[in-house]
Amino acid sequence: MSLLVSVLITLATFSFMEFWAWFMHKYVQHGPLWVLHRSHHVRPSPRPFERNDWFFAIYGALSAGLFITGANGQRWWFWVGVGIALYGTVYFFVHDGLIHGRLPFWKKTDNVYLRALNMAHKMHHKTQGRDHSEEFGLLWVSPKYLRLARQQAGKKAR
Ligand SMILES: [Zn+2]
Ligand SMILES: [Zn+2]
């Protein structure tokens, strides 16, 4: 497998995962699997681990399986595993770390894009119930939050 193809598969998987995470969040986690996801909407979280964390375990196991059977990158699905693992890592740092403060060392940022993500996701958490929530994606943020984040940054600079 050439380097270019490996990189392309990884990037395509990473992008697809944002769509997949949005879809799962909107139609499955806020649907039939609300039993697992509800723990994430109870704020503040009573325990260090939430039932919702099972989703990380599931994707972790999936990408581990792809690594193990992927013949050290000889098989294309190895790179699908890399894309899933990368997305999971970014998701964890941004969503659980920065937005929900579960990491001790990264609770604030001045980056406009990350602040926009934070605003959009806080909007998602406005409702504690299963229904009537919005903003189910994570890294794909609607321009209105980018505008808001830019305005805030402008005010701070003055
Ligand atoms: Zn949710
Ligand atoms: Zn959240």
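**View 1. Helix 4 has the length you'd expect from its residue count.** Helix 4 covers residues 76-99, and at 1.5 Å a residue its 24 residues should span 34 Å; the end C-alpha atoms sit 33 Å apart, so the two figures agree. Keep in mind that this is a predicted model. Just past the end of helix 4, look for G101, whose phi is positive at about 65°.

**View 2. Helix 5 and its N-terminal cap.** Helix 5 takes in residues 112-124, 13 residues in total. From first C-alpha to last it reaches 19 Å, close to the expected 18 Å at 1.5 Å a residue. N111 does the capping at the N-terminal end: one of its side-chain oxygens is 3.0 Å from the backbone nitrogen of Y113.

**View 3. The buried side of the story for helix 5.**

**View 4. Five histidines around the zinc ion (ligand 1).** H25, H30, H37, H41 and H124 each coordinate the zinc through NE2, at 2.1 to 2.2 Å. Along the sequence, these donors follow the spacing H-x4-H-x6-H-x3-H-x82-H. H25 belongs to helix 1 and H124 to helix 5, so this pair ties together parts 99 residues apart in sequence. Are H25 and H124 buried or exposed? Both are buried.

Technical notes
Residues numbered from 1 in each chain as written. Chains lettered and ligands numbered in written order. Predicted model: local features only at pLDDT ≥ 70, side-chain atom pairs only at ≥ 80, totals over all residues. Heavy atoms only, no water. Helix = DSSP H or I, 4+ residues; strand = E, 2+ residues; numbered from the N terminus. Expected span 1.5 Å × (residues − 1). Buried < 20%, exposed > 50% of the residue type's maximum accessible area, 1.4 Å probe, protein only. Polar contact = N/O pair within 3.5 Å; in protein donor to acceptor, adjacent residues only side chain to side chain. Donors = N, O, S within 2.8 Å, 3.2 Å for Na, K, Ca; no water.
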